[in-house]
Amino acid sequence: MTDVLICGAGIAGSTLAYWLAHNGFTVTVVERAPGVRSGGNPVDVRGPALPVVEAMGLEARLCDAATRAKRVRLLDKHGRAVATLGLPAAKGHEFEIPRSDLATVLYETACKDADFLFDDTITGLSQDQHGVDVTFARAASRRFDLVIGADGVHSAVRRLVFGPEHDFVRPTGIYVATMSFGEAVDHPEDVLLYNTPGRLAALHPSRDEGGVAFIFRARPDDIDIRDTAHHKRIVTEAYDGLGWRVPELLVRLRNADEVFFDAVSVVDLPSWSRGRIVLLGDAASCVSLLGEGSSLAIAGAYTLAVALTQASADGFRAYETEHRARVIPQRRAMRLAAALLVPKTKPGLSVRNLAARLRPSGL
C-alpha cells in the first residue's frame with residue numbers, strides 16, 4: 001500500500017508528505033488554496049516536534065525564520081506596561097516562527113519527493129477493502145491506497161467520511177482575527193498585549209512585518225469563514241471605543257487585503273479513522289489557542305508516518321493511540337490559556353495581571 005493522498009498542504013500535511021515519501025510511499029497532496037497559505041499568528045515548534053524537524057534537517061532554516069521576540073509586555077489603555085514576561089523561545093527551548101514561514105519551509109522540503117496539486121479539493125470519496133476512489137473539483141478522478149485528511153478544522157474529508165461539521169466541532173466562544181501590521185514595528189523583541197474583559201489586542205514583532213491579533217469572546221454563531229467583509233465588521237464592533245493603539249489597528253484591519261478569521265473550536269471524534277481514511281492535525285483534534293497546534297501537527301504527522309511504514313492501514317490504530325495521549329493534556333491546557341489570555345471579567349483581568357507581576361521570569 002504505497003499510493004497515498006493527503007488533503008491539505010499545511011503543517012501536518014507537508015510534514016506527513018515528507019516522511020511518507022522518505023519511507024518509499026508515492027505521495028500526492030491536494031490543497032484548496034492556490035499556494036501555501038499566508039497569514040496566521042506566530043506558532044511554536046517545541047516538545048515532540050523538535051526531534052522531528054531536526055531529523056528533517058530544518059533546524060537552521062527555522063532558526064533563520066524565527067521571530068526575535070524575547071518578552072511579552074502586558075499594557076494598560078495608555079500603553080504603560082503592567083507586567084513583563086519572558087518567552088521560552090528566547091531561552092532556546094523552542095522556535096517561535098510565523099505560521100506561513102513554517103508552512104513554507106515544510107512544503108519546500110516535502111515537494112522535492114511528493115506531488116502537490118494546488119487550487120483543487122476533494123469532492124467525493126468511495127472506499128472498499130482494496131482502496132479509495134477519489135473525485136476532485138478539477139483534476140481527474142484517481143484511486144489511492146490510503147487517504148489522509150489534514151485539511152484543518154473545517155475538513156472536507158471529515159465531512160465526507162464522518163458527517164457534518166456540527167457533529168464534531170464545538171466552538172469555545174472565542175474568536176481570532178489576525179493580519180499583517182503592514183510594516184516593521186518599533187519593538188522587535190517585545191510582544192505587546194492589551195486587554196479589557198473579554199478582549200485582547202496584540203501587536204507582535206514577527207519578522208519583516210509585525211503581526212496583529214484580535215482575540216475576543218462572543219456568543220458562538222454561524223459565520224461564513226470566507227466572508228472577509230463580515231469578519232472585519234465583527235471585529236470593529238467588538239473593539240469599538242477601546243484604548244491603547246486599538247483605533248489605529250482597526251483602521252489597518254479595515255484596509256487589509258488578507259485577514260484570517262475563525263472561531264477557536266475543539267474538534268472531538270470517537271475515532272480518527274474509518275476504513276482506509278484517517279484524519280490528522282486540526283481535522284482530527286483541534287485543541288490549540290497559543291500556537292501549540294503546530295507542534296502537535298508535526299509530531300502527529302511523524303507518528304502516523306512511522307505507523308504506516310511499519311503496519312500500513314493497521315497503523316491507523318497505533319497512530320491514534322500514541323497521539324491521543326499528547327492531545328488530551330493540551331485540551332486541558334487550552335482552557336487555562338483562554339482564561340489567562342482573555343479573562344472574562346475585570347476582577348479576572350486584575351488577578352491575571354497580579355499573577356504575571358509575581359512571576360516575571362517566564363510564562
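Contact is taken here as heavy atoms within 4.5 Å. The model is predicted, so that local features need pLDDT of at least 70 and side-chain atom pairs count only at pLDDT 80 or more, while totals for chains, interfaces and linings use all residues. Residues are numbered from 1 along each chain as its sequence is written, and side-chain values use heavy atoms, with hydrogens and water left out.

Ser 14 lies in helix α1 (residues 11-22); helices (H or I, at least four residues) and strands (E, at least two) are DSSP runs numbered from the N terminus. Its relative accessibility is 0%, and Ser 14 therefore counts as buried (buried, under 20% relative accessible area; exposed, over 50%; partly exposed, in between; 1.4 Å probe, protein chains only). Apart from neighbours within four places in sequence, Ser 14 is in contact with Gly 8, Ala 9, Leu 106, Tyr 107, Ala 110 and Phe 116. A polar atom of the Ser 14 side chain lies 3.4 Å from the backbone oxygen of Ala 9.

Across the whole structure, 18 salt bridges are found, each defined as a side-chain nitrogen of Lys or Arg within 4 Å of a carboxyl oxygen of Asp or Glu. One of them joins the side chains of Glu 108 and Arg 61, at 2.6 Å from N to O. This pair links distant parts of the chain, with Glu 108 in helix α4 (residues 99-110) and Arg 61 in helix α3 (residues 59-65), 47 residues apart. Glu 108 is partly exposed at 33% relative accessible area, and Arg 61 is partly exposed at 37%.

A salt bridge is also formed by Arg 80 and Asp 76, whose closest N and O atoms are 3.1 Å apart. Arg 80 is exposed, at 51%, whereas Asp 76 is buried, at 19%. The side chains of Arg 143 and Asp 133 meet in a further salt bridge (3.1 Å, N to O), which links strand β10 (residues 142-144) to strand β9 (residues 131-136).

The structure holds 2 cavities of 30 Å³ or more. A cavity is a set of points, on a 1 Å grid over the protein atoms alone, where a 1.4 Å probe fits but cannot get out; lining residues have an atom within 4 Å of a point. The largest cavity contains about 60 Å³ of space, a volume being the space filled by probe spheres set on the points, which are joined across faces, edges and corners. Among its lining residues are Gly 281, Asp 282 and His 323. Helix α9 gives the most to this lining, with 3 residues.

Definitions and conventions. 1 Å grid on protein atoms, 1.4 Å probe; cavity = no way out; pocket = protein on both sides within 12 Å on 5 of 7 lines; lining within 4 Å. Polar contact = N/O pair within 3.5 Å; in protein donor to acceptor, adjacent residues only side chain to side chain.
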